[in-house]
Amino acid sequence: MIVCVCNNISDREIRQAVDLGLSTMAELSRDLGVGTCCGKCGSCARQVLHAHLDTRIEVKEISFRTAQTA
Ligand code: FES
């Protein structure tokens, strides 16, 4: 669905931006233009942003064990 009509930004594009590392409304505004015209999309964009941030799993460390052969 289109979230920001003024800039033709969809919920999918917002989620993709979050996947690429954006995490604030200021970043969405800067990079996608969300909320920079009439501003009516702000609350919906914020909902999409935070809902997707909540589903992300952040991997901070990965360790591997190597198989030991006898
Ligand atoms: S609908 Fe997003 S700035 Fe107007």
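Trainee: In this predicted model, what share of the contacts between residues at least 6 apart in sequence joins residues at least 24 apart?

Mentor: The share is 50% in the protein chain. A contact here needs C-beta atoms within 7 Å.

Trainee: Which elements does the chain have, and in what order do they run?

Mentor: There are 3 helices and 2 strands. From the N terminus, the order is β-β-α-α-α.

Trainee: Why is the chain called more spread out than a compact globule?

Mentor: Set the value against the rule. For 70 residues the globule rule gives 11 Å, and the radius of gyration is 17 Å, well over that, so the chain is more spread out than a compact globule. The C-alpha atoms fill a box of roughly 70 × 20 × 15 Å along the principal axes.

Trainee: How much of the chain is buried?

Mentor: Buried residues are 21% of the 70. To count, a residue needs 20 or more other C-beta atoms within 10 Å of its own.

Trainee: Which residues make the contact?

Mentor: From α1 come D11, I14, R15 and V18. From α3 come A45, V48, L49, H52 and L53. By class, 6 are nonpolar, 1 is polar and 2 are charged.

Notes. Residues are numbered from 1 along each chain as its sequence is written. This is a predicted model: local features need pLDDT of at least 70, side-chain atom pairs count only at pLDDT 80 or more; totals for chains, interfaces and linings use all residues. Helices (H or I, at least four residues) and strands (E, at least two) are DSSP runs, numbered from the N terminus. The radius of gyration is taken over C-alpha atoms; the globule rule is 2.2 Å times the number of residues to the power 0.38. A residue is buried if 20 or more other C-beta atoms lie within 10 Å of its own, exposed if 12 or fewer, and partly exposed in between; C-beta atoms are placed from the backbone. Two residues are in contact if their C-beta atoms, placed from the backbone, lie within 7 Å. Ala, Val, Leu, Ile, Met, Phe, Trp, Tyr, Cys and Pro count as nonpolar, Asp, Glu, Lys and Arg as charged, and the others, Gly among them, as polar.
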